[in-house]
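Trainee: I have a structure open and want to learn how to read it. Where do I start?

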Amino acid sequence: MNRAMNFSAGPAALPLAALVRAQSELVDFDHSGMSIMEQSHRGKVYENVHHEAITLVSELLELPKDYEVLFVQGGASTAFAQIAMNFLEAGKTADYVVNGSWGEKAVNEGRAMVNVSGGTIHVAASTKKDKNYVRVPRQDELTLTSDAAYVHITSNETIHGVEFAVTERTPFPKVSAPLVCDMSSVILGRRIDVTPFDFIYAGAQKNIGPSGVTIIVAKKSMLDRGRKDLPAVLQYRVHAENKSLYNTPPTFGVYLVRNTLAWLKAEGGVAWVEKRNRDKARVLYDVIDNSGGFYRCPVEPDSRSIMNVVWRLPTPELEEAFVKETTHARMIGLKGHRSVGGIRASIYNAVEPEGVAALASFMKDFAARHG
Ligand code: PMP
């Protein structure tokens, strides 16, 4: 098979080993005479897979005992509203630290819930400069509310390629309120000390598996705090109490999460993949920075994402030609997000270094031809 080099932002590349395993197990799962998709979510066969996937998340993130792992549905976009529903008490304020479009969406969806929550959404910092985000906010820029219901951050802005804590000069905000983090595009892509975070959420479709599964990693104390007068399926606490089996979970998606994380663990876990991811990112940023200005990354060096590398070419016509030629060379998904243009290479866990090397080599050749 001529496997494409997939640089898509999500859904994104999955490890070949996880797909091959799914292929071999598809029709007759574990000698059950059925596929995993056909199993009851209350049956032993599925339950084993479900709990193995939860255990893998827990092990790979090195979670302390007071954290729960949940699999829910609706994507990170549903979580934007659901978090405000669950945790923004009436009369309280939730602070949002914004370093890109997903953070903006979280603000807007939180605001759409004010009639339900009775609370207020406050933008505690935003690095929107003119029309683009080029760095994460500094601690001294935050206007935090005392006694906030929570502080919401986006650890990696997928569209702008702007990430917190890439170096020690861009640390995560230090806050006294519960810290809520959208980690959709970087979770399990690098080591992270989870202890400052009370509630982490992520769509699976970048580093963890297919779309359709949303991962929640939260302190039990945070989940207990959630509102109890919401519909049950919208209460994170209910999902925790039922080990993510309150209603039918996305069983095939959870199965593929299991395969993907089993691959990650077997390869060497998060420390292994972080080194691999940082090396991949460095290869691309080096080509950009050494291109004599032909390629230009708008993001400040200490905020440059290790997962989504974005850059511009001298003209939109050259960007179009770049995307066309890379697609022809089986390098898929390099067109920047439609809201910002330019080029974006998403180099999540499953993207092989060989593909990144091929892209780097193509970039040098393209610059030599057009520079
Ligand atoms: N947050 C971030 C940081 C994302 O990258 C994305 C998806 N690209 C979302 C939220 C929205 O996720 P979903 O499509 O799962 O709702």
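Trainee: How far is a nitrogen atom of the ligand from an N or O atom in the side chain of Lys-206?

Mentor: First, remember that this is a predicted model. To read a polar contact, look for a pair of N or O atoms within 3.5 Å. Here, a ligand nitrogen is 2.8 Å from an N or O atom in the Lys-206 side chain. The protein covers 85% of the 400 Å² of accessible area that the ligand has on its own.

Trainee: What distance separates a nitrogen atom of the ligand from the side chain of Asp-182?

Mentor: Take an N or O atom of that side chain: it lies 2.6 Å from a ligand nitrogen. The backbone can take part too. A polar backbone atom of Ala-76 is 3.1 Å from a ligand oxygen.

Trainee: Which residues are around the ligand?

Mentor: Look for heavy atoms within 4 Å. Among the residues found are Gly-75, Ser-77, Phe-80, Trp-102, Asn-156 and Gln-205. Helix 3 (residues 75-87) gives the largest share of this shell, four residues.

Trainee: In which pocket does the ligand sit?

Mentor: In the second largest pocket.

Trainee: Now a single residue. Is Ser-155 buried or exposed?

Mentor: Check its relative accessibility. Buried means under 20%. Ser-155 counts as buried because its value is 2%. Now place it on the chain. Ser-155 is in the loop between strand 7 (150-154) and strand 8 (156-157). Next, list its contacts, skipping residues up to four places away in sequence. They include Val-162, Phe-164, Phe-172, Cys-181 and Met-183.

Trainee: Where does His-41 lie?

Mentor: In the loop between helix 1 (16-25) and helix 2 (44-60). His-41 has 15% relative accessibility, so it counts as buried. Its side chain makes a polar contact of 3.4 Å with the side chain of Arg-42. Beyond four places in sequence, His-41 touches residues including Tyr-46, Glu-47, Leu-245 and Pro-249.

Trainee: Which helix holds Gly-269?

Mentor: Helix 9, residues 269-289. Gly-269 counts as buried because its relative accessibility is 8%. Not counting residues up to four places away in sequence, Gly-269 touches Leu-60 and Leu-264.

Trainee: How far apart are the C-alpha atoms of Gly-269 and Thr-170?

Mentor: Keep chain and space separate. Along the chain, Gly-269 and Thr-170 are 99 residues apart.

How values were computed: Residues are numbered from 1 along each chain as its sequence is written. This is a predicted model: local features need pLDDT of at least 70, side-chain atom pairs count only at pLDDT 80 or more; totals for chains, interfaces and linings use all residues. Side-chain values use heavy atoms; hydrogens and water are left out. Helices (H or I, at least four residues) and strands (E, at least two) are DSSP runs, numbered from the N terminus. Buried means under 20% relative accessible area, exposed over 50%, partly exposed in between (1.4 Å probe, protein chains only). Contact means heavy atoms within 4.5 Å. A polar contact is a pair of N or O atoms within 3.5 Å; within protein, one must be able to donate a hydrogen and the other to accept it, and residues adjacent in sequence count only if both atoms are side-chain atoms. Accessible areas come from the Shrake-Rupley method with a 1.4 Å probe; for residues, only the protein chains shown count as cover. On a 1 Å grid over the protein atoms alone, a cavity is a set of points where a 1.4 Å probe fits but cannot get out, and a pocket is an open set with protein on both sides within 12 Å along at least five of seven lines; lining residues have an atom within 4 Å of a point. A molecule sits in a cavity or pocket if more than half of its atoms lie within 2 Å of its grid points.
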